[in-house]
Amino acid sequence: MSNEAPNQARVIPLRPQSVRPGTARPVSERPATKPPGEPAARQTREPLWRDLVGDVLRRERLAQERTLKDVADAARISMPYLSEVERGRKEASSEVLAAAAHALGLGLGDLLSLAQGELTRHSAHSRRAVPGSPYNGMCLAA
C-alpha cells in the first residue's frame, strides 16, 4: 500500500460562510422571518446591479431567440463568462457590458437604461410598503 493520498478533489469555498454571532447556523441559512420591530419593507432584499444587468441581457438575448454561444461569439467573450454575467454571478466591466450589449444590437446606454428601469420599478414597489418615504425616484448616469 502506498502513502499517496487518494485521487479525490478537495473543495475550498471562495467565500467562507460566515456564522451569525451567537448561533452555529451560517448566515445563508437564516430563516426568512423578519426581526421584531423591523418594517416589512426592509425585509425585502434590494436587487444588486449585476443581477439587474444580467436579467436585461438574458431577456434581450431570449427575445431575439439567440443562443448564449452566438452572443458570446459576437461579443468576443467566453460563453461561460457571459453565462455568469447573465446570472448575476460576475460583476462585468464596462467593456464587457458594452460588447455584450452591442452583440445584441444595443448600446451600453440602452442596456444601463433598461437595468435602471428594472431597479426603479423594484424600488417603487418596495416604497409602496413604506408610507411617507422621502424618495420619489432614482437618477442613474452612465
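Visitor: Why does Glu86 count as buried?

Guide: In this predicted model, the relative accessibility of Glu86 is 3%. Buried means under 20% relative accessible area, so Glu86 counts as buried.

Visitor: Where is Glu86 found, and which residues does Glu86 touch, not counting those up to four places away in sequence?

Guide: Glu86 lies in helix H4. With residues up to four places away in sequence set aside, Glu86 touches Gly54, Asp55, Leu57, Arg58, Arg61 and Leu68.

Visitor: How do you know that H2 and H4 meet?

Guide: Contact means heavy atoms within 4.5 Å. On the H2 side, the residues that meet H4 are Arg50, Gly54, Asp55, Leu57, Arg58 and Arg61, and their counterparts in H4 are Ser83, Val85 and Glu86. By class, this contact of H2 with H4 comprises five charged, two polar and two nonpolar residues. The axes of H2 (residues 49-63) and H4 (residues 79-86) come within 7 Å and cross at roughly 115°.

Visitor: What makes H3 oblique to H5?

Guide: The two helices pack at an angle of about 120°, and their axes are 8 Å apart. Angles from 65 to 115 degrees count as roughly perpendicular and those over 145 as roughly antiparallel, with the rest, apart from those under 35, being oblique. The angle therefore makes H3 oblique to H5. The crossing of H3 past H5 is right-handed.

Visitor: What makes a set of residues a nonpolar core, and which residues have the most contacts inside the largest one?

Guide: The residues must be buried, be of the listed nonpolar kinds, and be joined through side-chain atoms within 4.5 Å. The largest such core has 22 residues, and Val53, Leu57, Leu82, Leu97 and Leu111 have the most contacts inside it. At least two of its residues come from each of H2, H3 (68-75), H4, H5 (94-103) and H6 (108-128). H5 supplies the largest share, five residues.

Visitor: With which residues is Leu82 in contact, leaving aside its neighbours within four places in sequence?

Guide: Those residues are Leu68, Val71, Ala72, Ile77 and Ala100.

Visitor: Which residues of H5 are buried, and what follows H5?

Guide: The buried residues of H5 are Val96, Leu97, Ala98, Ala100, Ala101 and Ala103. Gly105 follows H5, with a positive phi near 80°.

Technical notes: Residues numbered from 1 in each chain as written. Predicted model: local features only at pLDDT ≥ 70, side-chain atom pairs only at ≥ 80, totals over all residues. Heavy atoms only, no water. Axes fitted to C-alpha atoms, helices over the stretch in contact; angles between N-to-C directions. Helix = DSSP H or I, 4+ residues; strand = E, 2+ residues; numbered from the N terminus. Nonpolar A, V, L, I, M, F, W, Y, C, P; charged D, E, K, R; others polar. Buried < 20%, exposed > 50% of the residue type's maximum accessible area, 1.4 Å probe, protein only. Left-handed = near helix turned anticlockwise from the far one by under 90°.
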